[in-house]
Amino acid sequence: MAQDILDQIDQDIHTEPMILQMGPSHPATHGTVRFTLTLDGETVLKCDTDVGYLHRGFEKESENSTWTQVFPYTDRLNYVSPLLNNFGYALAVEKLLQIQAPERCDYIRTIMGEVSRLSDHLTCVGAGALELGAMTAFLYAIEGRELLWDLVEEMTGARLTVSYGRIGGLKDDLTDDFAERWGHVRSRLFELHAEVDRLLTRNRIFMDRMQSTGVITPEAAVSYGYTGVCLRSTGVDYDVRKDKPYFMYDRVDFEVPVGSTGDNFDRYLCRMAEILQSIRIIDQCLEQIEPGPVNSDDPRVVLPEKEKVYNTIESMIAHFKLIFEGIQVPPGEIYSYTEAGNGELGYYIVSNGTGKPWKIHVRSPSFIMMGGIHKLFEGGLLADIIPTFDTINMIGGECDR
Amino acid sequence: MSEKLIEIVAEKFPDAVLDSHSRLGNDTVLLDRDALADVVGFLRDDETTKMNLLRDLTAVDYLHRAPRFEVVYVLYSLEFKHQLLVRVPLEEDDVNLPSISHLYGCAAWLEREVYDMYGMIFDDHPDLRRVLMYEEFDGYPLRKDYHIQHSQPRTELLARERDSVEEFNTYVKHEPAAGSRDQ
């Protein structure tokens, strides 16, 4: 009798996979993205990614703006590190124009770019900890980001939508007390970094959630176009700042942290190590930087001084033409790329010789990584999606056209 | 180094290369679309090129020019650190070209974007759907003749039920390779 009941229980029960919608508005997915998951119990069998909920039309709007008017749109690509997008775009247009920004400008771009990268990495580490329940580490990371954004605000007048880059230069020079302020921020950042490190890196719960989850092999990562931290965590040593140095990255000494296993924990460790390297880069740049102009002297691209605009007719005309007709960029195509917070940020730009771009295409690291994110999810558990999605650090603004 | 890439391609595929140049340091070859998959596959696998990273894939609409479209591939070698832009011109009324999704993992995703925005049809693509716009969207928004102020009429949603067990049974169970899963 008892055996009869047990036999029935032992039989393999017929089960069907379950379809589960995750997103587009899910508290643990920062950014609007939807995963259609096919689950077998708690194991993810298949993941279908759906991005594109922010219909901003970056490329279409860019084609209908002058070259300078594109800057505010680039701010909104990766809105955690807008300065890097600004400078990447400026560099691409400068290559088309075949002009070189002054040395001081390149130093400031390096410094402010690294400030942005710091804020990007701190946000990612902090938010990742928060989603796994570590509220304290989040508060420390966000305090660091606040300090950096205060610096950015002092320099650019805005915290997020900075529009600080200009073709052939910058909106403004560094403020006089920048180095002093950076000194304060820097010492606090080291404390915060150590605090986050102490809270998370040897934390048993954190390690259990992060280690061996969201694993990708180097071959798959390269094939799926992963760049930046996500590629380096697999052991592939690829950083645009080293491979093809731009700005002042060839004059400073820094290391590129590389992981080995390609799991979430390695991505976390790489980001933490890159925070220290970014601080090193800023320190060296501030030591090396010399006084000088921040804007190119090319009258084709840079607005004349205000005093001349109001007092001479030639400058008035030049100003008028630059504002209304836009910078006249010679016809041609260029693919220019820089290292942004999440990976390689490329711009494919086509000019037809007028004041408006014919086409601007952004190779945004997040968008391409979202194309291969199912590789990280499939075969894992549903709960692993939370830390994996954070360490990939998708920024919704980039996943858009 | 990189001039060499153009020579390698021109030597190996003399009939396929329509034009080449290295303006502004960007080495570019214009290819005939029929040879695209062969050339890209060769560039990826050959010992002297090893272009293992597909950096970018996009299209450009040169309105009032024949051929009107160009699809652009940016290939890069992590080992040799050289880059090659491959451009494939396409006529307005014939926008089919071979897919390279069997060569690079990210190509399928990027081809979906180009299909979504420009309407290029990639032959033998495993899963050619819109990626950013919704399924019922009419037209291709990044084409130059799609006006920036153009608005879409309210459309009836397609009748079939999406993301449900029925869809699973129809599209996934009988075609295990559909969707995002690898071949």
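Me: In helix α14 of chain A, how many residues apart are A:Phe320 and A:Phe324?
Reply: This is a predicted model. A:Phe320 and A:Phe324 are 4 residues apart in helix α14 (residues 313–324) of chain A, so about one helical turn separates them.

Me: And how do the rings of A:Phe320 and A:Phe324 sit, at what angle between their planes?
Reply: The planes of A:Phe320 and A:Phe324 are at 20 degrees and the ring centres are 4.5 Å apart, so the pair is stacked. Planes under 30 degrees apart count as stacked. The search of the whole structure finds 20 aromatic pairs over all chains.

Me: Is A:Phe324 buried or exposed?
Reply: A:Phe324 is exposed, with a relative accessible area of 59%, while A:Phe320 is partly exposed at 49%.

Me: Which residues form an aromatic cluster?
Reply: One cluster is formed by A:Phe87, A:Tyr164, A:Tyr246, A:Phe247, A:Tyr249 and A:Phe254. Over the face of A:Tyr249 lies A:Arg241, at 5.8 Å from the ring centre. In chain B, the charged end of B:Arg55 sits over the ring of B:Tyr76, 3.8 Å from its centre.

Me: Changing topic: which residues have the most contacts inside the largest nonpolar core?
Reply: They are A:Trp182, A:Tyr226, B:Tyr73 and B:Met120, in a core of 145 residues. Helix α5 (residues 103–131) of chain A gives the most to this core, with 10 residues. Another core lies apart from it and has 25 residues, including A:Val93, A:Val302, A:Tyr347 and A:Val362.

Me: What is A:Trp182 in contact with, neighbours within four places in sequence aside?
Reply: Its contacts include A:Leu118, A:Leu148, A:Ile279, A:Asp283 and A:Leu286.

Me: Now strand β8 of chain A: why is it largely enclosed?
Reply: In β8 (residues 359–363) of chain A, 5 of the 5 residues are buried, so the rest of the structure largely encloses the strand. A:Lys359, A:His361 and A:Arg363 are buried on one side, and A:Ile360 and A:Val362 on the other.

Me: Which strand is joined to β8(A) by bridges?
Reply: Strand β7 (residues 344–351) of chain A, by 5 bridges; the two run antiparallel. A:Tyr348 has A:His361 as its bridge partner in β8(A).

Me: Last one: where is B:Arg130, and is B:Arg130 buried or exposed?
Reply: B:Arg130 is in the loop between β7 (121–123) and α4 (165–173) of chain B, and is buried, with a relative accessible area of 13%. Its side chain makes a polar contact of 2.6 Å with that of B:Asp116 and reaches the backbone oxygen of B:Gly139 at 2.8 Å.

Notes: Residues numbered from 1 in each chain as written. Chains lettered and ligands numbered in written order. Predicted model: local features only at pLDDT ≥ 70, side-chain atom pairs only at ≥ 80, totals over all residues. Heavy atoms only, no water. Core = buried A, V, L, I, M, F, W, Y, C linked by side-chain atoms within 4.5 Å. Buried < 20%, exposed > 50% of the residue type's maximum accessible area, 1.4 Å probe, protein only. Contact = heavy atoms within 4.5 Å. Pairing = 2+ DSSP bridges. Polar contact = N/O pair within 3.5 Å; in protein donor to acceptor, adjacent residues only side chain to side chain. Phe/Tyr/Trp six-rings, centres within 6.5 Å; stacked < 30°, edge-to-face > 60°. Lys NZ or Arg CZ within 6 Å of the ring centre and 35° of its normal.
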